[in-house]
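This briefing is meant to be read with the sequence and the 3D model open.

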Amino acid sequence: MTQGRHVILAIDEGTSGTRAAVVGADGRVACLEYTALRVDSPRPGVVEQDANTLLDKTLDVARATLAQAARERLNVVAAAITTQRATAVLWDTQTGRALVPAMVWQDTRHAADLERLARAWDPRLRPAVGRPSGVRSPYLWAARHLLETPAVAEAWRRRRLAFGTVDGWLLWHLSTQRASVSTPTNATSCNAYMLSEHRYCLDWIDALGFPQELLPALREDVDDFGRTRKELLGIDVPILACAGDQLAGAVGLGCLDAGQSMCLHGTGSFVDLLIGNALPARSGACDGTLTMTARRHHGVSHFSVETFVATTGSALDRICEKLRWFENARQISALAATVSCARGVTFIPALTGLRVPQMQPAARAALTGVSLATTQAELAYAILEGIAHSVASCVQANGDTAGVLATDLVVGGGLSGSDALLQMQADLTGLPIRRTQETARASLRGVAYLAGSTGLLWDSLQQARSTIAADAVFEPAIGADERARRRALWHARVACELEHAATFAAAH
C-alpha cells in the first residue's frame, strides 16, 4: 500500500457529541462518524454526563470510522485522541466502569467553597498555574465523593479507584498500557498544573483534600501512549498524541506561532492567542483570562492565553430543543442574515455564569429589549450578536493579558459555518475573520497533525499546516465609531446583569 493511503485514526470526544475520522497526508478528514451526547443539569450549577455512555458511544463511532476506512482500503498507522477538558471521572479499575456521573467542565457546584480558599491561594496560583482557584475543581469534586459517596470510598479502600479527566478515561480503556495519565493541554485546565515546571502544584492538591496517590501521571501531548487494544477497536497501532480539544483545534487551524489567534466554536466558544515559549508577564492577572499550555513535545512547552464563553453552541441547543424558539441553529443563522440589526434586542449567553469582563458564576443568560414589534429574525440576530460580542470581549481580554494584539482571527468549530455570525465577529472585533476549509473538523485534523508530524505522515507541524486550505475571509464592514457605540451598549447590558447577579447572591 502506498504512503498516500496511510491514515491516522483521530477521535474527538467533546461535550455535546463524540466523533471519529481518519486523516491522511493531504490533511483531508474522511470517514467521519458522529453521535450526540447528553449533558444533564439536575440543579443550577451542577453539570454532569454519564461517563460510561460517553465511552460506549466513543467506541461506537471509532469502530464505524474504522469500518469505513477498511472498505476504502485505507491503512490506519496510528491513533490520536482529543477530548473535552476538565471533565472529571472516577472509575473502578476492576470493572472499568464509572462510579458516579462525570463532572462536566461547565459545573460550578463548588464555586462558593473555592471562593473561600481564593484569598489565601490565588496570589500563589496565578503566576504558577496561570489562573486563580476558579469556580470548579475536578480535585475538590473527587475529594468530596471520597468523603460522601460509599461506592467511591469503598473502591479507594480496596485500591480499585482511578481518577482522571476524559483524556485519561479514554486512554485507560483504549491503550494497552492501562495507566491513569493526563497531558498538559488537559491538566492545565484543572487549575493545579505548574506551567513552567510540568508538574502538579501539590500544596494546592493537599489543600483541596485530594490524595496525591490518585493523581494521573503527567505525560506530553505528543508521546508514547501505548498501542490500541485490538479486542476493542480491531486494530493494533500506536497512540501517539492526546490533547485538549481547543488546543488541538488551534493546531488544526494552523495556529502555531506567537501572535496568531483563533476562536473555536463548540459547546462554548474559546478564544486563544498564541504567545510562544515564554509565559505572559501578566499570567493569571485576570480571573477570566487563563494561561494555557498550547502543546508540549520533546520537553518544550508552547503557551497561549485563553478566554472563553462557556455556553454558546449549548445556548443555541437549549433555545432550539428546549425552548423551541427555532427549529435549529441553521435557521437562526438564516433568519439573522435577513435583517441588518436587532433593533435594540440584546442576548447575553451566560447560562452558567460570566467570565468576562469579570468572573461571576451567579450571572445568568439574559434577553432584553424585546418589544411588540420585535420579529423572529431580529431575535435571531440578537442571539448571534450576543455570541459575537462575547468573542470580542475575549479577544480584548487576551490582548490585555498577553500584551500582544491579534491581527486577525482564525475560526473553527460548528458555528463557524454561519456567515452571519462571522461577519458580526469581524464588525465587533475590528479584525479580519479567516475561515478554513473543513473548519468544523479542526480538532480532528489538529490531533492527527500532532501524532503524524514526527516523520510518520509529515516531517513537522509546519509541513502538516501547509495542507490547510482557506475558505473565506470576513472583513469589518463598520467603522470604529459605530463599533464603539455597539460595544458600549453591550457593556452596559452586561453591567446590569452583573449588578443583578450580585444583588441576588447577597439576598440568598
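The model is predicted: local features need pLDDT of at least 70, side-chain atom pairs count only at pLDDT 80 or more, and totals for chains, interfaces and linings use all residues. Residues are numbered from 1 along each chain as its sequence is written, and side-chain values use heavy atoms, with hydrogens and water left out.

**The seven-stranded sheet**

- Seven strands form an open sheet with mixed pairing, in the order E16-E17-E15-E14-E20-E21-E22; strands (E, at least two residues) and helices (H or I, at least four) are DSSP runs numbered from the N terminus.
- Its edges are strand E16 (290–297) and strand E22 (470–474), each of which pairs on one side only; two strands pair if DSSP finds at least two bridges between them.
- On average, neighbouring strands of this sheet are turned by 30 degrees against each other, direction ignored.
- E16 pairs with strand E17 (residues 300–309) in the antiparallel sense over seven bridges, and Leu290 stands opposite Glu306 in E17.

**Helices on the sheet**

- Helix H12 lies across E14, E15, E17 and E20, and runs at about 20 degrees to E15; axes are lines fitted to C-alpha atoms, for helices over the stretch in contact (heavy atoms within 4.5 Å), and angles run from 0 to 180 degrees between N-to-C directions.
- Helix H13 (residues 419–429) lies across E14, E20, E21 and E22, at about 150 degrees to E21.

**Helix H10**

- In H10 (residues 313–322), Gly313, Ser314, Ala315, Leu316, Ile319 and Cys320 are buried, meaning under 20% relative accessible area with a 1.4 Å probe, protein chains only.
- These buried residues pack against helix H11 (329–336), strand E18 (346–348) and helix H12 (376–402).
- Arg324, which follows H10, has a positive phi near 60 degrees.

**Leu253**

- Leu253 sits in the loop between helix H9 (245–252) and E14, and is buried with a relative accessible area of 5%.
- Beyond neighbours within four places in sequence, the contacts of Leu253 include Met262, Leu264, Val410, Val411 and Ile468.
- Leu253 and Arg435 are 182 residues apart along the chain, with C-alpha atoms separated by 8.7 Å.

**Nonpolar cores**

- The largest nonpolar core has 47 residues, and Leu90, Tyr139, Trp141, Phe163, Trp204 and Phe210 have the most contacts inside it; such a core is a set of buried Ala, Val, Leu, Ile, Met, Phe, Trp, Tyr and Cys residues joined through side-chain atoms within 4.5 Å.
- Helix H3 (residues 138–148) gives the most to this core, with five residues.
- A second, separate core of 39 residues includes Leu9, Ala30, Leu37 and Leu74.

Technical notes: Buried means under 20% relative accessible area, exposed over 50%, partly exposed in between (1.4 Å probe, protein chains only).
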